[in-house]
Amino acid sequence: MLLNHFFTFTELQTEGNIVKANIKLNPAHPIFKGHFPGQPIVPGVCMMQMVKEVVEAHINKKTRLVKASDLKFLSFIYPDQDKLLQLEVKINTEEEWVRIDARLLDDETILFKFKGILVPV
């Protein structure tokens, strides 16, 4: 949905059950014309969707979000300033569920935290 338009990411790096990727935002994406004109910021729902799409690339399956908890938006993300972000996602795959614990960072600053459960579709 957003991949390759709103953002791109580098090759996934895996360390145990932790997946890491560098996220590059597209500051020219039309979403930023309305969110917010003159001072664009990344919408929270887009942060969640980026996590979901990176997880899908890792597990090679489409998913549906069934539970989101512990969502913490800790700092604004300005696409014209924060063009390169780091994503770290702890992934635990169970029989029918994919549990995730994600953090979006700018260097060492945590910008967003998200725990959730996805189900493959």
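Tutor: A salt bridge is a side-chain nitrogen of Lys or Arg within 4 Å of a carboxyl oxygen of Asp or Glu. Before we use that, note that this is a predicted model, in which local features need pLDDT of at least 70 and side-chain atom pairs count only at pLDDT 80 or more, while totals for chains, interfaces and linings use all residues. Residues are numbered from 1 along each chain as its sequence is written, and side-chain values use heavy atoms, with hydrogens and water left out.

Student: Okay, how many salt bridges does the structure hold?

Tutor: There are six salt bridges in the structure. One of them joins the side chains of Glu15 and Lys20, at 3.6 Å from N to O.

Student: What does Glu56 form a salt bridge with?

Tutor: Glu56 forms one with Lys52, where the closest N and O atoms are 2.6 Å apart, and the side chain of Lys62 also meets Glu56 in a salt bridge, at 3.9 Å from N to O.

Student: Where do Glu56 and Lys52 lie?

Tutor: Both are in helix H2 (residues 44-59), where they sit four residues apart, about one turn of the helix. Helices (H or I, at least four residues) and strands (E, at least two) are DSSP runs, numbered from the N terminus.

Student: Switching to strands, which sense does S5 take when it pairs with S3?

Tutor: S3 and strand S5 (residues 84-93) pair in the antiparallel sense over seven bridges, and in this pairing the partner of Val19 in S5 is Val89. Two strands pair if DSSP finds at least two bridges between them.

Student: What about S5 and S6, how many bridges there?

Tutor: S5 and strand S6 (residues 98-106) pair over eight bridges, again in the antiparallel sense, with Glu88 standing opposite Arg103 in S6. These two strands form a hairpin that has four residues between them.

Student: Next topic: how many residues are in the largest nonpolar core?

Tutor: That core has 29 residues, and those with the most contacts inside it are Phe6, Ile23, Leu25, Val51, Ile100 and Leu104. The elements giving two or more residues to this core are S3, H2, S5, S6 and strand S7 (109-120), and H2 supplies the largest share, eight residues. Such a core is a set of buried Ala, Val, Leu, Ile, Met, Phe, Trp, Tyr and Cys residues joined through side-chain atoms within 4.5 Å.

Student: What does Ile23 touch?

Tutor: Leaving out residues up to four places away in sequence, Ile23 touches several residues, among them Phe7, Met50, Val54, Leu85 and Leu104. Contact here means heavy atoms within 4.5 Å.

Student: Last one, where is His29?

Tutor: His29 is in the loop between strand S3 (18-25) and helix H1 (31-34). With a relative accessible area of 16%, His29 is buried, and apart from neighbours within four places in sequence, His29 is in contact with His5 and Phe6.

Definitions and conventions: Buried means under 20% relative accessible area, exposed over 50%, partly exposed in between (1.4 Å probe, protein chains only).
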